[in-house]
Structures are given as C-alpha cells and as structure tokens.
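Have a look at the model first, then we can walk through it piece by piece.

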Amino acid sequence: MNVKLRTLTMGVLFFTGQTLIAQKTTKDTTSTSTIEEVVVLGYGKVISKPKDITASTTISAEVIENRPNVSFLNSIQGTAPGVTISSMSGSPGSAKIDVMIRGLSSLNSSTDPLYVIDGISYSATEFRNINVNDIESISIIRDAAGTSIYGNRGANGVVNIVTKKGKFNSALKVSYSGMTGVSVLPNSKYEMSDAKQILTLQKNYGAGIGSMMSEDQIANYSGVNTDWKKHFFKPSMTQQHDVSLTAGGQGLSSYTSLGYMNQGGIVPTTDFQRFTVRNNLNGKSANGKLSFNTQLALGFSKRNQLNQETNDNISNNVVQNPLHGSLLGLPTLAPNEYPTGQLLYNAIGTDFSGGKYIYVLEDILREDNLPSRFNQTSILASTSVSYKLTPDLTINNKTGVDYKRNDRVFARAPWSYLALAVAGTALKYPGFEVMSSNQDFTFNNTLSANYHKELGEHTLDLSAYFDYTKANYFYTFQQQNGLNPLTYSPGAGTGYVDVESINGTNNYVPQILAAKIKAGTVSYFGQLDYDFAGKYGVNAVVRRDASYRFVEDFRWGTFWSVGGRWNIDKENFMEGSIFDMLKLRASYGTSGNQNIFDGYLRYRDLTGTLYGNNPMFFANSNTRDLNIASSSATPGYNNASAYFLGRVANTELQWEEVKMTNFGLDFSLWNRKLTGTFDVYEKVTDKLFNDINLSAVTGLYSFDGNNGQMKNRGIELSLRYNAINKNDFKLSIFANGSYNQNKITKINGDFQDFGSYVYQVGNPAYEWYLVPYLGVNQETGEMQFLAADGSITEKPTVNDRRNTGKSFMPKFQGGFGFDLDVKNFYFNVLFSYQLDAWKFDNQYTWLLDPTSIAEYNVSSELLNAWTPENHTNTPALHAANTGLDSSSDRYLVDASFVKLRSLMIGYNLPKSFIGEGFVKSLKIFVQGENLAIWTKWKGYDPEGFTLFPLGNYPNPRTISFGTSIEF
C-alpha cells in the first residue's frame with residue numbers, strides 16, 4: 001500500500017515516447033467525499049456498484065501489492081467467492097496456476113477465464129511478465145450478465161485488470177517500493193525413517209545392508225545419517241524494486257514505472273529474474289470531445305527450472321526428478337561422494353542398486369549439468385480513441401497487441417552422468433542440446449458506437465460493437481546430438497560435432513522441427529442498458545461469434561443475456577431504514593467455449609503442456625482427417641512400418657455452450673458498517689467436447705465431438721464488517737465463501753471408466769472409483785477390502801470398485817481475515833481455504849511400500865507393521881497382497897486446507913519524524929506468505945488441480961522485509 005504525495009511545482013514533467021513535455025498544472029477540484037465503489041465491466045465500461053447488475057468482486061491494489069509473488073493470481077487466492085485458485089508448482093516463475101470460476105465448466109476444453117487488461121481482451125493464461133505493483137484493481141465477473149458480452153470467450157468467467165494511471169491536474173509524484181525476503185521449504189507430515197530406523201526395517205524385511213547387521217550393531221550405529229531433504233532444498237532469497245512516476249496536466253496525464261524482481265528457488269538450480277517497464281498515457285481535448293489513452297508494457301524475464309516442470313513423464317522417475325527422489329534417498333548414504341558425472345559413472349555404471357540413484361540426482365542438480373533455461377520477451381500494448389460526435393453519441397476504437405517470445409535451452413551436458421550413461425561406450429561424444437523458440441502474436445481490435453440519453457428519470461444506453469481477433473504462432477526446434485565437452489557451453493552453440501557414420505549407422509544426427517498456426521475470431525454484438533431513477537435497471541446483450549475452428553455450417557454461434565435489478569433502498573417505504581443499499585439482481589444468459597483440446601493435451605491432470613500457452617492454438621484441425629506414419633509412440637501392426645488413419649474428421653464439431661442463471665442480493669447497512677453480497681446460481685454446460693464411440697472396424701475406438709452435459713449449482717457469500725472506525729483505530733473484518741455442486745447430466749453411454757475415476761451421469765466429474773479399504777486382518781496381517789457383493793476379500797478386482805462421491809475439485813472455497821490500523825501501525829491478515837477436495841496421495845504409496853526397503857527410504861510407520869506378536873493396522877511387511885491397495889481408497893486423502901496466505905505488519909513513520917524535507921512519506925513492513933497451513937494432507941502442500949500428485953515443486957514459505965517511500 002503506497003501512500004501517494006504531491007510535490008508543489010509550477011510544472012509537470014512526464015515521459016511519453018522519447019519526449020519530455022512540460023504542462024501547466026492546476027488544482028484538481030474534484031471532491032473525493034462522495035466517491036462510490038465502481039465495477040469495471042465488459043469492454044471498459046465502468047458503473048457504480050448500486051447500478052451494477054453483475055455478480056462481481058473488485059480487488060484493490062492494497063490486497064496484492066508488496067507481496068513476493070511473480071503472478072498476481074497467487075495473490076488473489078481467497079479474495080473472491082466462487083473463484084478457486086490453486087498453484088500446482090512453487091517453482092519461480094511457474095505458469096502452473098489453475099483458476100476456476102464457479103466450478104468445472106468443461107471436461108476437455110480450457111477452464112481458464114478470459115483476462116481483460118485495460119479494456120483489451122487477451123488470450124494469455126500466464127502473467128509472469130506483468131509487474132503486480134502496476135495493477136490498480138482486479139474485477140472478477142462470474143455471471144452471464146457480465147460475461148455474455150464476451151461471447152465465445154466468456155464461458156469460464158472474466159478477470160478484468162485495470163493498471164495504474166496518472167491523474168489530470170496533478171503534480172509530479174515519485175514513489176519507490178522495495179523488499180527483500182527469504183523462502184524456505186514448508187513442512188511435510190511424512191514420517192521418514194532415519195538411518196537406524198531404515199536399518200531396522202531392512203533387517204525385519206530381510207533385504208539391504210540392515211539385513212546383514214545384528215540388532216546390537218543397529219542399536220549402536222553411529223555412521224552416516226543423511227537428511228536428503230535438507231541436502232536438496234535450501235533457503236533462497238527474493239528481492240523486488242519498483243520506481244513509479246505519475247503526473248498530469250489539464251489535457252494529459254501519465255504513469256510510468258520501472259520494476260525488477262529476482263526470486264530464488266528452494267531447489268538451488270531454479271530461479272527467476274524479471275525486468276519491466278510500463279507507460280500509461282491518458283489525454284483529452286480542451287472541449288472534452290476527444291479522449292485517448294495508450295498503454296505500453298515491456299517485460300523480459302529469465303528463469304531456470306527443473307525438467308519436471310514441463311515434462312510430467314518424469315514425475316515418478318527417481319533418477320531424474322529430485323522433488324520425488326529426495327524423499328526416497330537412503331539416509332545411510334553420504335552426500336557428495338562423487339563430485340563429477342564421470343567419477344559417478346566410473347563407480348556405478350548404470351547399477352542403481354542399494355539406493356545409488358540418489359547420486360544421480362545430486363549430479364542433476366549441479367550447475368550446467370542439466371540446464372533448463374527459459375527467456376521470455378513480452379510486449380503488451382494498447383490504444384483507445386473516443387470521440388463525441390454529439391453530446392449523446394460517441395464512437396470508440398480500441399486496439400491491442402500481445403506479443404510473447406519464449407526461448408528455451410535444455411541440455412544434457414556431455415560431462416553429466418545422464419549423458420555418459422546413455423552414451424555408454426558406443427559414442428565418443430555424449431549429451432544433447434535443444435534450442436527451441438515460440439512466438440505468439442495476438443492482435444485485437446474493437447470498434448464501437450455508444451448512445452447515451454437521459455430524459456428526466458430515464459437513462460438509456462445503446463451500444464454496438466465489432467470485435468476482431470487474429471493470433472499467429474510460430475515454433476522452431478533444433479536438437480544437436482553429441483557434444484564435445486572441451487568446447488561446449490550451454491546455449492552458446494559451441495561443442496557441436498559432425499554427423500559420424502559407423503558400420504552403416506549415422507550418429508550425432510541433428511533434429512529440426514517447425515510449426516505455424518493462424519487462428520482468429522470475429523464478432524458483432526449489441527448492448528442495451530436502461531435505468532429508471534436509480535431504482536430499476538435492465539441490461540441485455542446479443543452477440544454473434546465466428547471461430548476458425550469449425551466448418552462453415554457451424555462457424556457462427558449466437559450468445560445473449562438479460563439481467564435486471566431492483567434497488568429496494570430507493571423505495572419510499574425504505575426511508576429511515578438501516579439500509580444504505582439493498583439491491584436485488586437477476587440474470588440469465590449464454591456464452592460459448594471454443595478453446596477445446598485434443599489428444600493427450602485434453603487430460604490436464606496428466607501433463608504440464610497446457611499451462612501458460614495460448615488456448616486458441618490447440619485442436620486446430622479436428623474438422624479434418626488426419627493420417628499419420630508409425631513411430632515408437634504409435635507403432636504399426638506387429639511393430640511394422642505403417643501409414644494409417646489417426647483421426648476421423650468431425651465436420652459437425654460445435655461450440656461448447658454455457659447457460660447460466662443467477663439471483664443475487666447486494667446490501668450495505670448502518671452507514672456502510674456492514675456490506676455484503678449473496679448469490680445463487682446454476683451453470684449448465686451443453687455440447688461438452690468429449691469422445692464419441694466408433695466401431696473398432698474403423699481402426700479407431702472414438703473420435704472427438706460434442707457429447708454430454710454438465711451442471712454446476714452453488715451459492716456465494718461475501719461480507720465485510722467495519723467494526724471500529726476512529727481516527728487512530730480502525731478494524732475491518734471480512735469473509736467470503738462459496739459452495740459448488742458439480743454433476744454430469746449427460747455423457748456417452750452414461751458411464752466412462754478411466755481406471756481410478758469415472759464420468760457417470762448423476763455424479764461429479766472426476767469421481768473417484770475405488771475399492772473400499774477395510775484395514776488389516778488381525779489373524780494374518782493381510783490387507784482387507786470390501787468386495788462388490790458386500791463380503792470381505794483380500795484379493796480385490798476391478799469389479800470391486802465403486803462410486804465414492806468424492807472428487808479432487810473442492811466443493812467449498814473462500815477466504816477471511818482482518819485489516820487493523822492502530823495509530824501509525826497497520827496489520828493485514830488473509831486466510832484462504834478449500835474444503836471437501838479429495839486426492840490420491842501417490843507419494844504415500846511409495847513410502848509405504850515394503851518391497852523397496854533395500855533401495856529407497858520409507859516411512860517409519862512400517863516399524864509398526866503387523867507381526868504375530870504385534871497386531872496393528874499397518875499391514876505385515878510380507879503381506880501376500882502387497883500392492884493390491886493401489887486401486888483402493890487407502891491413499892485417498894482429504895486435501896482440504898486452511899492456509900494463512902498473507903500476513904503484513906507495517907509502520908508509517910510520523911510526519912514529525914520525517915520532517916518537511918525531500919521525503920514526504922515512508923513506511924516499513926514485514927510480510928509473510930504461506931506462513932501456516934492446517935490440513936490432513938501429508939505432503940508439502942495440498943494445492944493443485946491434479947489427481948495423482950507426485951514430486952510437485954512445493955509452494956515455499958516466505959518472509960519479506962520492505963519499505964515504501966514517496967518523494
């Protein structure tokens with residue numbers, strides 16, 4: 001929270017392009033005593049809260065600024081009802097952040113909301129290059145009254161972002177904010193064995209070095225006892241510095257900022273750096289007919305991350321994923337035994353027995369052994385021009401571009417163990433290097449005409465729009481196989497070796513690939529707003545959309561909405577009541593979703609490929625037949641070379657259509673002492689994008705099409721109570737919460753089985769479908785399960801699985817906290833929560849597997865395993881049905897949580913201390929992020945929309961110290 005001050009000067013200097021312009025300033029006489037809360041709606045429309053028909057929540061800059069988060073999405077968790085935000089990775093600069101508004105609205109299409117920045121719609125789903133401290137407010141719009149105007153892009157809700165701007169007739173203001181913090185690994189509840197415990201377990205099981213030791217030797221053991229978690233995870237530093245300048249004359253105002261952020265990772269080879277520049281310029285003519293604004297945001301970031309971040313195929317690979325393998329490292333092995341990959345390869349070859357895989361993980365985490373570097377350059381620019389043709393008629397044109405270039409270098413250095421092990425003795429030059437680049441250029445233009453007329457107590461607004469979006473994607477990939485360790489340097493293009501032919505085999509053959517996609521949409525639509533005396537209001541929208549994805553017969557879709565409000569507090573019978581505002585809202589409308597996925601990309605819980613990418617570029621050829629050549633991934637019959645049908649064209653593919661009904665109540669009591677909103681909604685997704693079965697005689701079992709319907713019903717509540725409001729003591733308590741019930745109402749065959757979860761009519765999507773686990777047979781130590789016929793069995797089959805009524809999607813979510821000001825001190829506390837979410841603890845299955853005791857560390861819970869003398873609920877180490885619990889609910893865990901998301905304590909230095917010098921205002925603060933969590937989940941963090949979490953990068957716990965200064 002930066003307090004802005006004025007400097008008394010005769011002129012204002014502000015930056016626009018490369019020109020310094022001086023303007024005479026006058027005093028801004030606008031009164032601030034009657035300022036109302038406003039909501040930013042579709043296409044830049046701003047409306048006061050009493051006249052707003054939408055279900056929306058506005059989040060101010062004070063909530064998100066001066067927090068150590070790369071993306072603003074992390075900072076708004078728990079701030080709005082009906083909005084579930086979950087971070088799947090704590091890797092610095094990660095794009096793995098899921099945002100879901102009012103439940104899951106699609107099975108196989110994008111569920112990300114539309115992001116609108118300063119009135120321009122963007123297809124972006126990650127914002128690592130946007131400086132959070134440049135944001136003025138964020139409005140989250142949840143119902144059809146606010147989203148239908150975005151037609152084909154508004155099905156999943158809208159997040160409207162407004163960046164900071166200068167004010168007309170204001171003096172030059174300069175502000176600086178900076179902070180430095182430290183991040184640490186959060187705690188887990190896995191009870192890992194120490195050296196003596198694992199030796200005891202090995203002796204009990206009869207495997208590993210412990211099996212060859214006596215009980216006395218184990219009891220007196222004083223050798224190596226390594227905590228691999230402490231070895232692989234280290235505290236990291238974070239720092240952020242921002243400088244901003246604002247100024248304004250009679251006809252021109254400007255906001256300019258420079259930002260730098262450096263965030264270290266708790267895994268030492270991961271980090272993130274960002275540089276940002278922003279200039280927002282606003283202007284108007286002397287007669288007020290012409291107004292314009294421009295926004296230009298430049299960003300450059302670079303990050304180092306683990307291969308696992310974008311390659312989930314190695315999540316369960318103990319040799320390549322240190323996030324998974326660090327828990328499994330045997331404590332009896334000492335670290336730093338092999339300082340180079342060559343020494344490690346000479347010592348163990350490819351023999352990982354006895355837990356030696358842990359040394360490979362050590363080698364991976366050495367600098368430049370497995371570099372995975374990303375650079376992102378971004379340009380976000382927009383301009384808007386409005387001209388009043390008459391006092392009632394205004395024309396407007398908004399144009400925006402979003403350009404991103406991502407460059408990656410990924411390699412196995414020739415001196416790394418992995419490169420040496422793969423090459424073996426067959427190749428002189430091991431290793432490879434990949435250099436890839438993708439460019440995303442999206443252009444959006446909206447032309448509109450707005451008619452505004454007031455006749456007495458009647459106010460009418462009519463608007464017509466034409467919207468055009470064009471997106472271009474270009475991708476290049478090159479891989480050099482074979483690197484000379486004497487000259488290789490990551491990303492420098494050095495150390496490449498020539499193709500070599502030995503005995504008819506070509507070695508070191510490079511690989512190249514390129515791809516190009518063009519996508520686009522076009523829309524025209526109209527909007528009507530009518531208000532009578534501030535008491536009654538009606539809003540209606542009709543929109544026609546066309547998308548490049550579909551054939552001509554289905555290219556166009558029509559979406560619409562209608563909404564109304566009744567400001568009950570304006571009625572005569574409400575005079576003298578306790579209500580400052582009491583407003584009833586209702587709306588119904590439709591919107592479309594054309595951002596469908598195809599192939600393996602559709603299962604976002606199984607792959608990290610989707611995160612951060614433009615959803616407009618996926619599934620761009622589903623309306624065409626696809627023939628493919630055989631490969632290792634898609635072999636021909638009997639592994640023979642072949643050319644065959646890979647996809648059947650579906651020329652009847654259409655939009656997913658979302659229909660939403662909403663009833664809401666907004667209220668304010670006792671001179672705004674208590675304010676709140678309450679909403680009830682039903683959201684139905686029709687024409688779900690899903691598999692349609694085919695006869696196997698075609699060579700395929702299914703093809704992509706529209707099949708199914710899903711329904712979300714819920715309630716939302718938001719409250720703020722300003723308990724105390726005195727000059728030197730203010731206390732405000734707030735809370736929000738929502739409940740959402742998800743249900744599939746139509747699906748192909750009424751039932752689709754995916755192994756551990758199913759889609760079934762009448763039940764939630766991603767419903768767990770497992771065998772009930774009953775515990776341990778106290779006579780034998782074997783695991784027991786409930787069979788389909790109700791009997792107890794020790795040998796469950798797939799036919800014993802059943803519906804659980806549980807899903808990984810939380811049914812309840814929200815947040816609560818308080819803001820306290822005591823003289824010059826201030827305290828801001830935010831808790832977030834997600835309840836009734838169930839996940840399969842994949843990591844726990846590894847830690848309770850006694851068969852791996854000789855190779856991996858396991859939970860010390862196994863020390864309490866059943867024996868004839870020790871009857872417990874932990875299965876016997878040699879239970880005959882070990883492993884059969886993988887399809888049971890033994891590892892299905894309630895992943896609900898309550899998290900202390902943010903805690904800030906600050907102090908504003910008094911004017912008497914600062915004096916009347918150059919510094920006008922100064923505050924210091926300490927801020928904590930993710931400080932505490934209450935959950936039954938045993939892992940580091942229960943966040944993330946994923947079914948089988950394993951080896952995810954934990955969200956760190958961070959404490960920061962900072963200052964904000966105004967000059």
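Predicted model: local features only at pLDDT ≥ 70, side-chain atom pairs only at ≥ 80, totals over all residues.

Residues are numbered from 1 along each chain as its sequence is written, and side-chain values use heavy atoms, with hydrogens and water left out.

**The whole chain**

The protein has 12 helices and 48 strands; helices (H or I, at least four residues) and strands (E, at least two) are DSSP runs, numbered from the N terminus. Its C-alpha trace spans about 95 × 70 × 65 Å along the principal axes. For 967 residues, a compact globule would have a radius of gyration near 30 Å, and the protein agrees with that at 30 Å. That radius is taken over C-alpha atoms, and the globule rule is 2.2 Å times the number of residues to the power 0.38.

Of the 967 residues, 55% count as buried. Buried means under 20% relative accessible area, exposed over 50%, and partly exposed in between (1.4 Å probe, protein chains only).

Helix H9 (residues 357–364) is mostly covered, with eight of its eight residues buried. Among them are Tyr357, Glu362 and Asp363. The buried residues of H9 pack against helices H6 (228–232), H7 (322–328), H8 (341–348) and H10 (417–423).

**Empty space inside**

Rolling a probe the size of a water molecule over the atoms shows where empty space is left. Here a cavity is a set of points, on a 1 Å grid over the protein atoms alone, where a 1.4 Å probe fits but cannot get out; lining residues have an atom within 4 Å of a point. Points are joined across faces, edges and corners, and a volume is the space filled by probe spheres set on them. The count comes to 16 cavities of 30 Å³ or more.

In the table, Ala, Val, Leu, Ile, Met, Phe, Trp, Tyr, Cys and Pro count as nonpolar, Asp, Glu, Lys and Arg as charged, and the others, Gly among them, as polar.

| Cavity | Volume | Lining residues | Lining by class |
|---|---|---|---|
| Largest cavity | about 370 Å³ | 33 residues | 10 nonpolar, 18 polar, five charged |
| Second largest cavity | about 240 Å³ | 21 residues | 11 nonpolar, six polar, four charged |

Which residues lie nearest the centre of the largest cavity? They are Asn69, Val70, Asn74, Gly90 and Gln263. Helix H2 (72–75), strand S14 (252–264) and strand S47 each supply at least two residues of that lining. Nearest the centre of the second largest cavity lie Trp937, Tyr940, Asp941, Gly951 and Asn952.

**Glu929 and its partner**

Asn69 turns up again with Glu929: a polar contact of 2.9 Å joins their side chains. A polar contact is a pair of N or O atoms within 3.5 Å; within protein, one must be able to donate a hydrogen and the other to accept it, and residues adjacent in sequence count only if both atoms are side-chain atoms. Glu929 sits in strand S47 (residues 921–935). At 1% relative accessibility, is Glu929 buried or exposed? Buried. Not counting residues up to four places away in sequence, Glu929 touches several residues, including Arg67, Pro68, Arg901 and Thr958.

**Positive phi in two loops**

Tyr766 is not a glycine, yet has a positive phi of about 55°. Tyr766 lies in the loop between strands S36 (757–760) and S37 (767–770), and is buried at 5% relative accessible area. Asp836, also not a glycine, has a positive phi of about 60°. The loop between strands S43 (825–835) and S44 (838–840) holds Asp836, which is partly exposed at 25%.

**Two alanines**

Ala464 lies in strand S20 (residues 458–481) and is partly exposed, with a relative accessible area of 42%. Ala464 and Ser448 are 16 residues apart along the chain, with their C-alpha atoms separated by 5.5 Å. Ala876, in the loop between helix H11 (842–847) and strand S45 (892–894), is buried at 11%. Leaving aside neighbours within four places in sequence, Ala876 is in contact with Gly781 and Trp866.

Technical notes: Contact = heavy atoms within 4.5 Å. 1 Å grid on protein atoms, 1.4 Å probe; cavity = no way out; pocket = protein on both sides within 12 Å on 5 of 7 lines; lining within 4 Å.
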